[in-house]
Amino acid sequence: MAVRLGARLMAVVAAVILLPVTAVLTGTPAAADTRVDNPYVAAQRYVDPWWSASAAAEPGGAAVADQPTGVWLDRVSLIEGTASSPGLRAHLNEAVVQDAFGSAPLTIQIVLDDLPTGTAPTRSPTGTSAWRPTA
């Protein structure tokens, strides 16, 4: 059961990330013969507004507050979001808003780190319970 749950969770996470990023952010599906060698060339990059506000509140933080960053999801709770941290859906919704106001395509980097992947519970570096495969 735990193996199937982990596989299902990863399938849901992959679908939630890949489908909106490839379909919603581009607005229309790319033609079958269209190929992009480097999606970052001439593209806007997602700026996490929650991180930006936090950085701007620090002394000297305004200098880096509008720099793009990756969205790190290193706990299952961050997929849905918590009271203090927005979830994946909130970031994707914000990316759609930022894309609507830009003249170039938008890229968003999402980093999945240390999410459940197996059958044996262990403690992750962030202190949450994680699943590791048993050998």
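## Tryptophan 72 and its strand

Setting aside its neighbours within four places in sequence, W72 is in contact with L78, V111 and D113, where contact means heavy atoms within 4.5 Å. This tryptophan belongs to strand β2; helices (H or I, at least four residues) and strands (E, at least two) are DSSP runs, numbered from the N terminus. With a relative accessibility of 54%, W72 counts as exposed, because the word exposed is kept for over 50% relative accessible area, while buried means under 20% and partly exposed lies in between, using a 1.4 Å probe and the protein chains only. From C-alpha to C-alpha, W72 and L88 are 9.5 Å apart in space, although 16 residues separate them in sequence.

## The model and its confidence

The structure is a predicted model, in which local features need pLDDT of at least 70 and side-chain atom pairs count only at pLDDT 80 or more, whereas totals for chains, interfaces and linings use all residues. Residues are numbered from 1 along each chain as its sequence is written, and side-chain values use heavy atoms, with hydrogens and water left out.

The pLDDT is the predictor's confidence in each residue, from 0 to 100. Over the protein chain it averages 74, and 59% of the residues score at least 70. Among the elements of the chain, the lowest mean pLDDT, 49, belongs to helix α1 (residues 2–24), and the highest, 94, belongs to α2. Over residues 19–25 the pLDDT stays under 50, and for this stretch the model has 15 contacts beyond four places in sequence. The pLDDT is also below 50 over residues 131–135, a stretch with 18 contacts in the model beyond near neighbours in sequence.

## The chain as a whole

The protein chain contains four helices and six strands, and from the N terminus on these elements follow the order α-β-α-β-α-α-β-β-β-β. Of its 135 residues, 27% count as buried. The accessible surface of the chain comes to about 8800 Å², and 61% of that surface belongs to carbon and sulfur atoms; such areas come from the Shrake-Rupley method with a 1.4 Å probe, and for residues only the protein chains shown count as cover. Among the contacts between residues at least 6 apart in sequence, 54% join residues at least 24 apart.

Helix α4 has 14 residues and reaches 20 Å from its first C-alpha to its last, close to the 20 Å expected at 1.5 Å a residue, where the expected span is 1.5 Å times one less than the number of residues. In this helix L88, H91, L92, A95, Q98 and D99 are buried. Seen down the axis of α4, these buried residues fall within an arc of 120°, so they line one face of the helix; the arc is that of the directions from the helix axis to the C-beta atoms. On the other side of α4, R89, A100 and F101 are exposed.

The largest nonpolar core has ten residues, namely Y46, V71, L73, L78, L88, L92, A95, L106, I108 and I110. Such a core is a set of buried Ala, Val, Leu, Ile, Met, Phe, Trp, Tyr and Cys residues joined through side-chain atoms within 4.5 Å. Both β2 and α4 supply at least two residues of this core, and its largest share, three residues, comes from α4.

Two residues can be followed by their contacts. H91, which lies in α4 (residues 88–101), counts as buried because its relative accessibility is 4%. Not counting residues up to four places away in sequence, H91 touches Y46, D48, W50, V71, P86 and I108. V71, with its neighbours within four places in sequence left aside, is in contact with Y46, H91, Q109, I110 and V111.

Where is A42 placed? A42 is in the loop between α1 and β1 (44–45), and this residue has a positive phi of about 60° although it is not a glycine. A42 is exposed, with a relative accessible area of 65%.

The loop between α2 (49–56) and β2 (71–73) holds V64, and G70 is likewise found in the loop between α2 and β2. V64 is partly exposed at a relative accessible area of 40%, and G70 counts as partly exposed at 21% relative accessibility.
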